[in-house]
Amino acid sequence: MSIQPRVVSKLLVANRSEIAIRAMRAAAEMGITTVAIYSQEDRFALHRFKSDESYLVGQGKKPIAAYLDIDDIIRVAVDAGVDAIHPGYGFLSENPDFADACARAGIIFIGPSPDVMRTLG
């Protein structure tokens with residue numbers, strides 16, 4: 001049995017600032033539509049305007065809590081119809097619960113599997 005790779009045509013970058021811009025630039029070069037998330041305090045941040053689409057996440061929360069709101073990030077991803085999520089670095093990129101949430105939603109997590117993250121700690 002062969003596994004067919006899934007095509008990514010729309011990518012949500014679950015991070016902000018320079019790392020998000022870099023991921024979006026790479027995606028754009030590959031012809032992939034990009035989606036940014038932003039906290040209320042980051043509503044004027046550059047990464048929001050470098051993406052094809054952007055959505056408020058974690059409404060009413062402080063910035064760090066907003067960017068770590070797994071349920072709301074998944075909600076945005078599903079509503080936006082993304083195929084994959086790139087977590088950037090730090091926080092969500094090291095969170096196996098986030099990778100599990102992506103899998104449950106049928107969204108590709110760009111990073112190691114939750115099992116690998118749990119094994120490596």
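Buried means under 20% relative accessible area, exposed means over 50%, and partly exposed lies in between (1.4 Å probe, protein chains only). By this scale P112 is partly exposed, because its relative accessible area is 37%. The model is predicted, so local features need pLDDT of at least 70 and side-chain atom pairs count only at pLDDT 80 or more, while totals for chains, interfaces and linings use all residues. Residues are numbered from 1 along each chain as its sequence is written, and side-chain values use heavy atoms, with hydrogens and water left out.

**Figure 1. P112 in its loop.** P112 lies in the loop between β5 (108-109) and α6 (114-120). Helices (H or I, at least four residues) and strands (E, at least two) are DSSP runs, numbered from the N terminus. The C-alpha atoms of P112 and D42 are separated by 28 Å, and these residues are 70 apart along the chain.

**Figure 2. The largest nonpolar core.** A nonpolar core is a set of buried Ala, Val, Leu, Ile, Met, Phe, Trp, Tyr and Cys residues joined through side-chain atoms within 4.5 Å. The largest one has 24 residues, of which L12, A14, I37, I73, V82, I85 and F98 touch the most other members. Two or more residues come from each of β2 (33-38), α3 (63-67), α4 (70-80) and α5 (96-104). Helix α4 gives the most to this core, with 6 residues. Apart from it lies another core, of 9 residues, including L11, V13, A23 and I32.

Figure 3. In α4, the buried residues are I70, D72, I73, I74, V76, A77 and A80. The cover over them includes β1 (10-13), β2, β3 (53-56), α3, β4 (84-86) and α5. Leaving aside its neighbours within four places in sequence, I73 is in contact (heavy atoms within 4.5 Å) with L12, A14, I37, V57, Y67, I85, L92 and F98. After α4 comes G81, whose phi is positive, near 70°.

**Figure 4. Strand β1 between its partners.** Two strands pair if DSSP finds at least two bridges between them. Strands β1 and β2 pair in the parallel sense over 4 bridges, and T33 in β2 is the bridge partner of K10. Strand β1 also runs parallel to β4, joined by 3 bridges, and L11 stands opposite A84 in β4. K10 and L12 point one way from β1, L11 and V13 the other way, and all are buried. In a regular strand the side chains alternate between the two faces of the sheet.

**Figure 5. Salt bridges.** A salt bridge is a side-chain nitrogen of Lys or Arg within 4 Å of a carboxyl oxygen of Asp or Glu; by this rule the count comes to 8. R75 forms one with D72, the closest N and O atoms being 2.5 Å apart, and D79 forms one with R75 at 3.4 Å. D72 is buried, at 14% relative accessible area, whereas D79 is exposed, at 58%. R118 pairs with D100, the closest N and O atoms being 2.7 Å apart. Because R118 lies in helix α6 and D100 in helix α5, this pair ties together parts that are 18 residues apart in sequence. Salt bridges that share partners join D72, R75 and D79 into one network.

Figure 6. S17 has a positive phi of about 60° although it is not a glycine, and S17 lies in helix α1. F91 has a positive phi of about 30°, and F91 is likewise not a glycine. F91 is placed in the loop between β4 and α5. Most residues other than glycine have a negative phi.
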